[in-house]
Amino acid sequence: MPEHDPAPETVLIEAARGRWAELVRAAEDGQVTRLRDRDSGAEASLVPLSRAGEPTAVGWPVWSVTDARPKLGDLVRGAADGQPVVLARRGRPVAELVGQAALGSTTTISAPAKSVPTQAPSRPTAAQAVAAPLGDLLDSLTAPAGSAASEVLVPTGLPGLDDLTAGGLRPGRLVVLTAPPGAGATTFALGMARAAVLADPARPVLVASGQLTRSDIMLRVLAAEADTDLHNLTAGTLSDADRQRVGEVAARLRTAPLHLADHLLTLEQVRTAAQAIDGLALVVLDPVSHFDLAAPVPPPVALRRLAREVNTAVLTVATTGTPGLDDLVVEADLALRLDRDALAVDLAALTVTHHRHGPTDTLRLVPDLARARLLPYSRETELAVLYRGVDPTAEATEDASGPQPPVELSESAPVAPATNTRAPGPENAPQAAEALVARVTDRDAAGQPVVGLPAPCVLCGQPTPYRAAGMPQHWDGVCTPGATLTAATSVGNDDQELAATPAAAAGGQPGPGRPVKERQDTSGLIARNVAAVLEDNGGDMDAALAALIKRAIPDGMALLNSTRVGSTYDFTNYVDTDAIPILKKPSRDGADLIWEGRPKWRNRIVESGPARTVTALDVNGAYLSALKTHLPIGAPRHSTDGAYDRKRSGVYLIDPPAWAHEDLPNPLGNREEPGPLWVTDPTLRLLIRLAGPKYGLCSPPRILESWTSGSSEALLERFRREMAAARDAAIEEGDRVTLEYVKAMYAKFVSTIGESSANREMRRPDWMHIIRSQAFANLWLKAWKAHQAGLTVVRMLGTDELHVIGDWRAVFTEGRKLTDMKLKTEYSIGSGGDS
């Protein structure tokens, strides 16, 4: 290294993970950072490309920046042993991780083939990063869709716009959307982001907003995707049907790669955030005027370079009249203008004003701003949005000219039978209009529809503001959903069926492409999953069970999400283990400092006595019952005052009390090391209970420190009850598949909400420890119940094993319910027995 270079900063691997994006960015800017493994002392340097000499990086393994972060320890140790790697974003090399011996070297260092995982061979090496041969570009042009060499297109959510752009937005392209205030530009941009992240495969999107908070964006995305009213969602006044639908959508969106930012102020901050997201396909800047574009080049060129450098499509939103907008439109690959339709006040027009790579056109859209979305135009969609929420039972409103005279149908007009009274949808709206005498809606000289105060439609009797031939009539004779054709028409079974659907009850119909669904409460979610998988596997129960167990984690999270809809606490909140070091694992396979009180106790007095028969009992659904426990619902706060508040929960450092009862297991389990230890809330509650006058089994524990927050015992109660109900039904019906599926759901939920890579939706190591400890505490109380009833407690193991001597059926109910105990086995112990 040249002597004038400053000494590089040395950073431990644990700290480097927290600063990873910053350190990689520094390497791109020419800085060197030395990374050190605390345990082995191994060191490697994070350096700019080619800092270690040319052409050293040829043939080195390529790791994405995102994938390298969790494997940083292995990569540093590998680089120190002569196994360097290249770090890349979207396949573009940005930095190198090399051992100290490689710095200043001009020879190639080859990585052993089996030491460090290598990415797909199509990923570029550093020597290929400057320019691409024409042959490679031709390969990408002719590559099959979905192959590694093909471009990843970003769907826009509008089929017409996808057609104009030959499939969607492309990496490195700059798109500009302009609109007057209130036209729905933000709604359009969020619709495009929503379409991208919910596509198959999903395209990661970064939405950087200068006006909306992240919560505002989340609510708009939820309302649009769940087909529910934004105001009701924000106010928390959803109907049961809407709440159910929002829960289902929230479960689907939880894993969608949509990244929201409301604090990015400069283009450089946007670039840094974008480069930290692996596989990013779209960046949305809304509005672009709220970002500082200060750069050595004009703002339009700076935005163009952002798209090129990050290799992603960039959508900028600008209000009509924004200074410099004309230059931005000229620079853009695609310029869009959104306006309200001049011919219909309830429609919008999206005009492609400039397209560097294809045709231009104007697309009609239906603004459904109550649900935060813009929909592709169709007559059915327009009517569904226009008349949503009309109450079919409401009396017609009189207009300024007084009551409207009754208008009779022509004698020659056919009266449709009752079975045709269903709400006209895309498939039957034209037929419903043709069945009666319908006229084209009146328009004024400017082409606008003639409207007045709502009055009874001459065709169906329901209120409408539109006029045809001077008389009230729904738009061009296509009547509102749920309309009856004449007062004399009887209501048939079809109408009763329709009235049972949520859409009909609300007086509306779902948006385009969304079939009407009967309300499905969460009590049937497990059964529906089982039925669907059994059908997929042709009724093969073993194959279905294997498939259900594989999906137990995401299915469990989906059920949890649905039971928590409308709740105010984000139960998936990630605990900052850096701020609470006792919850942080020292290594991937290590353990944190929390002692859960897991028992492994044997009654040595009984084992050394005369031979006796022991009954091993099994607790049913131990972890399922343990979900009913006090869980912290806020950010844990540190305290050293030694106080205990039953309204709070968390983890506590205690000086454990002595335990002098050889015939009963210690509530703290088999801990042999002396001194203070960190325990969870259930363990502490049990110790305090046993120290009270009712039990008097030990002295009170002394609290030295704590990390706690306000708590609730009901956070997982609906979740627990749904699984318990499904379990009980499965036992009653002899349904082995459902029983094992439910068991896998709650067992894997508890075991993966800590720091497991198998569940990426939750990181709550505190909850994991608390639930496990609650299971142990529940088992101890059963042992105490047996002891009090005169049984001899022989062993207590894990979460669910209790071994006793005596008539256990006089104490516990035998069965498979959660409150029952079941016989596991019997054996002999003592002299001549199994010791």
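In helix H23, the residues Asp681, Pro682, Thr683, Leu684, Arg685, Leu686, Leu687 and Leu690 are buried, where buried means under 20% relative accessible area, exposed over 50% and partly exposed in between, with a 1.4 Å probe and protein chains only. Helices (H or I, at least four residues) and strands (E, at least two) are DSSP runs, numbered from the N terminus. The model is predicted, so that local features need pLDDT of at least 70 and side-chain atom pairs count only at pLDDT 80 or more, while totals for chains, interfaces and linings use all residues. Residues are numbered from 1 along each chain as its sequence is written, and side-chain values use heavy atoms, with hydrogens and water left out.

## The chain as a whole

The secondary structure of the protein chain comprises 26 helices and 29 strands. The chain has 835 residues, of which 50% count as buried. Among its contacts (heavy atoms within 4.5 Å) with a separation of 6 or more, 69% are made by residues 24 or more positions apart.

## Helix H23 and its surroundings

Helix H23 covers residues 681–691, and because eight of its 11 residues are buried, it is largely enclosed by the rest of the structure. Its buried residues pack against E24, strand E25 (677–680), E26 and helix H26 (765–788).

Thr680 is placed in strand E25. With a relative accessibility of 0%, Thr680 counts as buried. Its side chain is joined to that of Ser773 by a polar contact of 2.9 Å. A polar contact is a pair of N or O atoms within 3.5 Å; within protein, one must be able to donate a hydrogen and the other to accept it, and residues adjacent in sequence count only if both atoms are side-chain atoms. Not counting residues up to four places away in sequence, Thr680 touches Ile594, Trp595, Gly650, Val651, Tyr652, His769, Ile770 and Ser773.

The loop between E24 and E25 holds Ala658. This residue is exposed, with a relative accessible area of 64%. Ala658 and Ser699 are separated by 41 residues in sequence and by 7.3 Å in space, C-alpha to C-alpha.

## Strand pairings

Two strands pair if DSSP finds at least two bridges between them.

| Strands | Bridges |
|---|---|
| E22 (residues 631–632) and E26 (residues 702–712) | two |
| E23 (residues 637–639) and E26 | three |
| E24 (residues 648–655) and E26 | eight |
| E3 (residues 43–47) and E6 (residues 92–99) | four |

Individual partners can be named for these pairings. In E26, Ser712 is the bridge partner of Leu631, Thr708 stands opposite Arg637, and Ser706 is the bridge partner of Tyr652. In E6, Glu96 is the bridge partner of Val47.

## The six-stranded sheet

An open sheet is formed by six strands in the order E1-E2-E3-E6-E5-E4, with mixed pairing. Strand E1 (9–12) and strand E4 (62–64) are the edge strands, each pairing on one side only. From one strand to the next, the twist averages 30°. Helix H4 (residues 72–80) packs on the sheet, where it touches strand E2 (33–36), E3, E4, strand E5 (85–89) and E6; the direction of H4 makes about 60° with that of E6. Axes are lines fitted to C-alpha atoms, for helices over the stretch in contact, and angles run from 0 to 180 degrees between N-to-C directions.

Asp37 is located in the loop between E2 and E3. At 6% relative accessibility, Asp37 counts as buried. The side chain of Asp37 makes a polar contact of 2.9 Å with the side chain of Arg77. Leaving aside neighbours within four places in sequence, the contacts of Asp37 are Ile13, Ala42 and Arg77.

## Helix H18

Helix H18 (residues 525–536) has 12 residues and should span 16 Å at 1.5 Å a residue; its end C-alpha atoms lie 17 Å apart, which agrees. The expected span of a helix is 1.5 Å times one less than its number of residues.

Buried residues in H18 are Leu525, Ile526, Asn529, Val530 and Val533. They cover an arc of only 135° around the axis, which puts them on the same side of H18; the arc is that of the directions from the helix axis to the C-beta atoms. The elements that cover these buried residues include helix H19 (541–550), helix H20 (552–563), helix H24 (717–733) and helix H25 (736–752). Following H18 is Gly538, whose phi is positive, near 60°.
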